[in-house]
Amino acid sequence: MLLWCLFLHASPGFQMRKSMHIKGSFYSNGSVCNHHCNCVKQSNPCGRFLLVKCWCFPFLEKNLRGRTDTDMKVLSHNLCTVLNVPHDPVALEEHFRDDDEGPVSNQGYMPYLNKFILEKVQGNFDKVEFNRMCWTLCAKKNLSKSPLLISDEDAFKVWVIFNFLSEDKYPLIIVPEEIEYLLKKLTEAMGAGWQQEQFDLYKIALNTSREGLSAWELIDLIGSGQFSKGMDRQTVSMAINEVFNELILDVLKQGYMLKKGHKRKNWTERWFVLKPNIISYYVSEDLKDKKGDIILDGNCCVEPLPDKDGKKCLFLIKCLDKSFEISASDKKKKQEWIQAIQTTVSLLRAGSPPPHKEARQKRKELRQKLLAEQEELERQMKELQTANENKQKELETVRKQLEAAAARAAEEEKKRLQTQVELQDRFSLELEREKMVRQKMEEQVAQKSSELEQYLQRVRELEEMYKQLQEALEVEKQARQDEETVRKLQARLLEEESAKRAELEKWHLQQQQTIQMTEAEKQELENQRMIKEQALQVAMQQLEQLELERKEALEQYEEVKKKLETAANNTRSWKDKVAHHEGLIRLIEPGSKNPHLITNWGPAAFTEAELEQRQKSWKGKKASSE
């Protein structure tokens, strides 16, 4: 990933085509390929330094276009120089040999970066210079133009600290917990008091808008002096440098002390720098003239020495090959250095990382644990909310049921109170009649007898009503039978009328045929015609008679229909009366004793015997008319 930074640094006018997918770098929408980042982080000792540069990708995506092979070679050579990796220009040519679209194409430059450069990195390069090269890439376009309390060098150091403390995901941000940790370190280095309330207000405002700060926002925050009011530029710069030395350069402690030489045995002032596995000493604090190293391991030890040769605050550092006598400026410094060296040796024995890295890892694990707990809590809250909603619905249903039960209970209570009042009135009467016990009993017996008589009378009335209802049902049944008989009679009259009409038409046709006969037969035919006309008149009379009978049948049908309606009304009135006295007797309707006749209009209202009687009457009338 650093390669892209150097690529842009070599030729700022280059921009990448949006539709192109560079393998192992970033996609067309600017998102980082997490698979590549994880691979680099696992397989390379400088993975962390490469990973923290992935925030450069959006900037590179806007500025990479039309690179040439020469630019790529220059970039690869610069990268190999910075990382102390042997440069192989032939490998670059081989990598893009069969690709005519240029080095940044479907063949991809990141595979070349991984295979021929990153996999060869041994970790013996200058990491500060490495970061400074990336800083050169981004600072010009992203650093705030407004005046800051810190210099560009201090801003660079803050940027490197940001890369160390930021989260391992794209885009890179530093969360409020790490911001608080960094500001506390700076405040402690400046010798000022930490303003927790002020930071809490700032944290609340930050959490409402975003998850954290970018590198440039962190530089603006520290450079604005919001949390270092009353401090001058030099104090702030010294604090940033001290924190930078501790977090980035792994400087656990540094300062001037006297060292006894091994050959001439003289005492010389040196600037000592304690790191996790080595103590380096220089001529001065500018670190330009290095005089030697004290290699620390688990077998080293440090112990205080008594004052001697006019030197005070002495202590001895014992290593496998040699020992070093050191003189601190005072007892406090001596104790601090002894404690710091003992802590470093203990960490080496335990195989633990430096304290600030271990603390950062613990803070990260704590945040992940809190995040997991928060997600679990949110899940439980959702489940509780769902259960609460269901419970609320159940409670609402129970509430409605309770309200209905309360309403019923109130109604029953009202009836009970009314009954109680009546009983109280009755008991009052009974108490008043206590003096006349015999008369009261007689009155009660008479009252009970009267009630019994009324009950019996009511039963008799109901029986009488039941009998009347049965009679009404019989009348209704008879009316239905009469109606069915009339319907059948009417149907037969209509059939006979149709037959007579057909016969008359036939005679009329025969009459017309006889008219066409000869004159000799005309007289005879005339006689026959007269006979036929007489028969026709007789038939017409019979037809009129049938018409009259049909009208009479219709009148009878109307009368039966009226009777049926009257019977139905009576039945309904009796049914209402029986329903009114339903508590005393239950109506049992009689079933039909004879099989019902089915007509075109439904069940017949008369029996077969009645139908035969009506047929005989109709035939008699027909014979008398003929």
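Start by selecting Lys260: leaving aside residues up to four places away in sequence, Lys260 touches Lys265, Asn266, Trp267 and Glu325, where contact means heavy atoms within 4.5 Å. Before you click on, note that this is a predicted model, in which local features need pLDDT of at least 70, side-chain atom pairs count only at pLDDT 80 or more, and totals for chains, interfaces and linings use all residues. Residues are numbered from 1 along each chain as its sequence is written, and side-chain values use heavy atoms, with hydrogens and water left out.

Stay on Lys260 for a moment. Lys260 sits in strand S1 (residues 253-260); strands (E, at least two residues) and helices (H or I, at least four) are DSSP runs, numbered from the N terminus. Is Lys260 buried or exposed? Lys260 counts as buried because its relative accessibility is 16%. The cut-offs are under 20% relative accessible area for buried, over 50% for exposed and partly exposed in between (1.4 Å probe, protein chains only).

Glu325 forms a salt bridge with Lys260, with the closest N and O atoms 3.9 Å apart; the rule is a side-chain nitrogen of Lys or Arg within 4 Å of a carboxyl oxygen of Asp or Glu. Glu325 lies in strand S7 (residues 323-327) and Lys260 in strand S1, so the pair ties together parts that are 65 residues apart in sequence. Glu325 is buried too, at 18% relative accessibility. By this rule the count comes to 26 salt bridges.

Next stop, helix H15 (residues 355-432). Pick Glu403 and Arg399: their salt bridge has its closest N and O atoms 2.2 Å apart. The two are four residues apart in the helix, which means about one helical turn between them. Glu403 counts as partly exposed at 44% relative accessibility, and so does Arg399 at 36%.

At 55% relative accessibility, Leu384 counts as exposed. Select Leu377 and Met381 along with Leu384 and you have a nonpolar surface patch, with about 310 Å² of accessible area together. Areas come from the Shrake-Rupley method with a 1.4 Å probe, and for residues only the protein chains shown count as cover. Patches take residues with over 30% relative accessible area and no salt bridge, joining like charges within 9 Å and nonpolar side chains (Val, Leu, Ile, Met, Phe, Trp, Tyr) within 5 Å.

Last, jump to Arg529 and Glu526, whose side chains meet in a salt bridge (1.9 Å, N to O). Finally, select Glu178, Arg363 and Arg367, which salt bridges with shared partners join into one network.
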